[in-house]
Amino acid sequence: MYSYAPSGVCARKINFEIVDGKLHNVKFIGGCPGNLAAIGKLVEGQDARSVAAILAGNDCNGRGTSCADQLSKAILANL
């Protein structure tokens with residue numbers, strides 16, 4: 001299990017697993033519960049590198065980052 005402290009977003013923590021290159025159990029602590037739970041469901045079992053590439057650079061309200069972008073950073077930091 002990996003734990004990542006995102007910056008510049010409402011979520012306070014992202015927990016996830018990478019097993020055989022696939023993402024599992026992605027959970028955001030804080031932030032927009034419905035949207036972040038949906039991200040976790042959408043990426044479940046997906047290739048971690050592909051997910052990181054798709055989510056990288058996603059912006060939330062002009063912040064220059066987003067919870068999805070922070071998940072991308074978290075994945076890349078743990079590959």
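**Note on helix faces, sheet and core**

1. Exposed means over 50% relative accessible area, buried under 20%, and partly exposed in between (1.4 Å probe, protein chains only). Helices (H or I, at least four residues) and strands (E, at least two) are DSSP runs numbered from the N terminus.

2. Ground rules. This is a predicted model, in which local features need pLDDT of at least 70 and side-chain atom pairs count only at pLDDT 80 or more, while totals for chains, interfaces and linings use all residues. Residues are numbered from 1 along each chain as its sequence is written, and side-chain values use heavy atoms, with hydrogens and water left out.

3. The buried side of α1. Leu-36, Ile-39, Gly-40 and Val-43 are the buried residues here. Seen down the helix axis they fall within an arc of 100°, so they line one face of α1. The arc is taken from the directions that run from the helix axis to the C-beta atoms. An α-helix has 3.6 residues a turn, so residues three or four places apart point the same way. The buried residues of α1 pack against β2, β3, α2 and α3; contact means heavy atoms within 4.5 Å. Just after the helix, Gly-45 takes a positive phi of about 80°.

4. The sheet. Three strands form an open sheet in the order β1-β2-β3, with antiparallel pairing. Strands pair if DSSP finds at least two bridges between them. β1 and β3 are the edge strands, each pairing on one side only. Neighbouring strands are turned by 20° against each other on average, direction ignored.

5. The two hairpins. β1 and β2 pair over 3 bridges, and Ser-3 stands opposite Asn-15 in β2. Their hairpin has 6 residues between the strands, and Gly-8 in the turn has a positive phi of about 80°. β2 and β3 are joined by 7 bridges, with Val-19 opposite Lys-22 in β3. Here 2 residues lie between the strands, and Asp-20 in the turn has a positive phi of about 55°.

6. Helix α3. Residues 67-77 make up this helix; 8 of the 11 are buried, so α3 is largely enclosed by the rest of the structure. Among the buried ones are Cys-67, Gln-70 and Ser-72. What covers them includes β1, β2, β3, α1 and α2. α3 lies across β1, β2 and β3, at about 45° to β2. Axes are lines fitted to C-alpha atoms, for helices over the stretch in contact, and angles run from 0 to 180 degrees between N-to-C directions.

7. The core. A nonpolar core is a set of buried Ala, Val, Leu, Ile, Met, Phe, Trp, Tyr and Cys residues joined through side-chain atoms within 4.5 Å. The largest one has 20 residues; those touching the most other members are Phe-16, Leu-23, Val-26, Phe-28, Ile-39, Leu-71 and Ile-75. β2, β3, α1, α2 and α3 each give two or more residues. α3 gives the most, with 5. Not counting residues up to four places away in sequence, Ile-39 touches Phe-28, Ala-68 and Leu-71.

8. Asp-69. This residue of α3 is buried, with a relative accessible area of 5%. Its side chain reaches the backbone nitrogen of Gly-57 at 2.7 Å. A polar contact is a pair of N or O atoms within 3.5 Å; within protein, one must be able to donate a hydrogen and the other to accept it, and residues adjacent in sequence count only if both atoms are side-chain atoms. Beyond four places in sequence, Asp-69 touches Leu-55, Ala-56, Gly-57, Asn-58 and Gly-64.
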